[in-house]
Every structure is written in structure tokens, then in C-alpha cells.
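I opened this entry to look up a few side chains and their surroundings. The notes below follow the order in which I checked them.

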Amino acid sequence: MEQERDIEENQTSRGACPCQNIDNVQRKNFFYSVCIYAAFFSIGWIRGLYGPALIDILFISGVTLDLGSLVFTFNSVGYAFGCLGGGYLSDRGNQNMMYGISLLLLSILIGVTPWCSVFVLMIAVHFGQGVVTGIVDTVGNAEILSLWRDDRMMFFFLELMFGTGIFVSPFLAAPFLLDLDSTLHISMDDFNNVTLPGKMQQNNTTNNTLLTTQSSQLYIPYIVTACLNIIICLPFFVLCLRNVCKNLKESRQVESPTINEMENEGSYIVLPLKYIIYFVVIGSSLLFLGMALGEGFISYLAVYCVDQLGFTTAEGALISAISGGSNIAAIVVALFASCLNTLVYLGIHIVGTLVSVGVFLLCSVFNFTAGVWLLAGVIGFFRAMIFSLTLTWTNEYITPVTGRIASLFMVSTSVGCAVVPVLLGALMETYSNQWFCYLFLILGTMVLLLYIAGVLLTKHIVMLYGKTDERAKDSNRLETEPLQPE
């Protein structure tokens, strides 16, 4: 009996019940994924606060709009550095500890923001927020793609949580923001002539408005956000502690092998480096232009509609909200569009964006207001999934998306989102507001050409080496040996 019991225990410990082990792994992966989804909801929530909180940030730090825009410039720079850091950290150290510390640090940076009356501190805090969100964003994308290589819907849930956070947070912040009828240009003279809610101090000798922290209620939504981050970071510390207690060799709560492990075991065929470089260049360029198109559109849509089409500022804000809200609709549709091939689905979004921008231009030229409202939502819908589908494309057809590849893609995205809106603003101010549409037509055409080049390269790779999962399953061929002779 003792022998039978020992054999039974050995079989259990060695995984004699594969179904039970698989269920265990799936449960761990699912719980880990839920924690990452919550982290992305949090960074989306923070991203959604930036726009609505701008007026309060300007008042708290006592600067004009021109100088205050440096806050978001440094935030973007910090985000780019964070993406690079995330690429470096993705394959090193304890991922749960990294998430926990990052979210805890983010909660501190968010919590102190409303009290940064010195502008240099305000810039430093937003730079730090950008670094931390860049790290979480990069590692999270790579982790979910690694966990669910064969299920792109799980990756789309990540996008859904991020978009939901962006959409929801402004509604929480709205009741606590300064009630100021702000237009596109704000100067210190405007500050001195506006009566603000709450207590404030004025220094007439310097002709500047000095606000105490009580003059703005921005601290309320920001403290709520900080508390939300603290709650979300706790499960990661629990997972980390569990790992330490069980003395696990792997730091992640994942049982699936990494790319390096698969290579060492001889179960993964590496694509020749030249093909990976070709595709990364094409994909990075596509994201640089495609995401810049979307960011520029949402950033300047209200300005264009007010200045060019005669909308009121309230209508401009509403049409921006409609365009932004369409992102969530696009992600929800993507969750149920599993029957569509990734390349086809991405092509639909790219072509749809280009055609929609063209029709939007015609509607604005002929002053067809209803068409402008409709097309703003349609463009918001089609631009939403370009980033996610590009990463899925890479993961399915080219190579598993590691932290380094995700880092390169996200740096390209952040640089494009920082550079193109500045270029667009200069063109609209120097020449005509219609450059709002002209530039997007040019960008959309270039994105389409890059997409076609990427599809042709992908077909060539698949014909010679197969898809990513096919190369992982075929362990009999030598590394970099093609399926067919070139």
C-alpha cells in the first residue's frame, strides 16, 4: 500500500494528470492576465485625465498654455524612455515585482501632482509618470502576447481595458475641475481677470496669480486615482510573495516556455534575422505614421471644427468625445471578429481610415455638418485597432513579440504621436485649416503602402518558413532552414 501511495504521489508531482496541470496553468495565466488588464485600465484612466485636467494644472503651476504644454511634451519623452526601459526589463528580474513597484510609484506620482505649484516639479512628476507608464505598457503588451499566442482576443481585451479607462476617467474628474470657459489660447492676463472657485491668493506686485492647493479640487480625482493604483498593485506583490515562498525558479506566473527556452530545447525555428529586421522597420514605420494620424486627428478635431466649420466649443468637445468613444466600439467588434484573418482585418481598418478621411474632407468642403459628425465617429472607429493588429500580425506571422520588439514599436508610436501633431499645428497655422485633412490623406496613403509592403514580405516569409506557430512545432528542420527552397 505504501508503494502504491508513493507511486501515486510521484505521478501527481510529475504531472501524470496532464489535464489537471493544464487547468492549473490556464488558471494561473488567466489570473495573471486579469491583473495586467487592471494595470492597463489604470494607465488608461490616468491618460484620460491629462486633457480635462490641463486648465487646473496651468492654474496650479501658474503658467501660460504655451509653457504648460511642456508638461505633456516631457510626459511623452518620459514615455519613450519608459518603453526602452520596458524592453530591457521584460526578460529580466521578477515581473510581478516590477509591476507592483511601478504601479505603486505611479500612485505616488499621481497623488502629489495637485500640490506641485512649482512648474519644474510639475514637469518632473509628469516625466516620471511617462517613464512608469511606458514600462508597464511595453512589458504588459509583450506578456499578454506571450501568454495567449493563439488567442488574439485576449490581447484585444488589453486594448479594451486601456480604452475604457481613457473613456471613464474624465467623467469622474469633471465635477471637480475649475469651471472656466477656456478657449484655445490662455494667457496670464486671462488668469488675473477670472474669478476662480475656492480660495486663492493674488500677488499684485508681480501681476501673477498664485493659487493654493485649495483653489482647485483636482486633488480629489487624483487621490482617487492614486488609491486605485495602490489597490491594483497589491495582487502583483501577492504573486511575487507567493513565488518567493514557494522558491520558484521562474519569476512570472506563467508556465509557457520563453523564446530563449524554446530555442535551447530545439523546439523553435528562428526566422533569419534579415527578415525580422525588414519587418520591424516596416511595422515601426507603419505605427509611426498610423498612430500619429489617429493622435493628430483626435488632438485637432475640435480646433478644426470650431475654426473651420463654425462649431461652438461645446460642440467641438462633443465631437471629440464621439470620435474617442468610437475606439471602444471598435475594440468590442474586434472581440467578436475572430473569423477574420488578422491581415485582412488590419487592411480593413487602414483602408477604412483612408477612405473616411477623404469623405470627411469632402463633407467639410461642402459644409455637410451631419456628414462631419458621422465621419468623426467612423474615423475614430477605424483608427482604433491599428496598433493592436500590428502587434498581433507580428506575433502570428513573423516572430513572437518580445519586450524588445514591443519596445521598438511603442517608441515609434510615441515619437510619431509627439512629432506629427506639432507638424499639423504648424501647417494649419501657416497655411490653411484644410491641412487637417490634407496631411491625414498623405499619412493614410503612406500607411497603406507600408501595409502592402508588409503583406508581401509576410507572404514570402510564410511561403518559405511558415507562420510563427508552425516554426515552433516543426523541430525536425534545422534552424533557419526554409520549408521550400528559395
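I looked up Phe127 and found its place in helix H7, residues 119-147. The model is predicted, and I read the values below as computed from it. Phe127 counts as partly exposed because its relative accessibility is 29%. Leaving out residues up to four places away in sequence, I listed what Phe127 touches: Phe74, Asn75, Val77, Gly78 and Phe81. I also checked Gly82, which is 45 residues from Phe127 in sequence, with the C-alpha atoms 9.7 Å apart.

Next I turned to aromatic pairs. I noted a count of 21 aromatic pairs. One of them joins Tyr37 and Phe157, with 6.2 Å between the centres and 45° between the planes, and it is classed as tilted. Tyr37 lies in helix H2 (residues 18-50) and Phe157 in helix H8 (residues 152-173), so this pair ties together parts 120 residues apart in sequence. Is Tyr37 buried or exposed? At 9% relative accessibility I put Tyr37 down as buried, whereas Phe157 is partly exposed at 32%. I also recorded one aromatic cluster formed by Phe297, Tyr304, Phe360, Phe436 and Phe440.

Last, I looked at the surface. I found a nonpolar patch there made of Leu104, Ile108, Val112, Ile230 and Leu234, which together have about 390 Å² of accessible area. Which helices each supply at least two residues of the patch? I traced them to H6 (95-112) and H10 (219-246), and H6 gives the most, with 3 residues. Val112 is found in H6 and counts as partly exposed, because its relative accessibility is 36%.

Methods. Residues numbered from 1 in each chain as written. Predicted model: local features only at pLDDT ≥ 70, side-chain atom pairs only at ≥ 80, totals over all residues. Heavy atoms only, no water. Patch = residues over 30% accessible without salt bridge, like charges linked within 9 Å, V, L, I, M, F, W, Y side chains within 5 Å. Areas by Shrake-Rupley, 256 points an atom, 1.4 Å probe, with all protein chains shown as cover. Salt bridge = Lys/Arg side-chain N within 4 Å of Asp/Glu carboxyl O. Helix = DSSP H or I, 4+ residues; strand = E, 2+ residues; numbered from the N terminus. Buried < 20%, exposed > 50% of the residue type's maximum accessible area, 1.4 Å probe, protein only. Contact = heavy atoms within 4.5 Å. Phe/Tyr/Trp six-rings, centres within 6.5 Å; stacked < 30°, edge-to-face > 60°.
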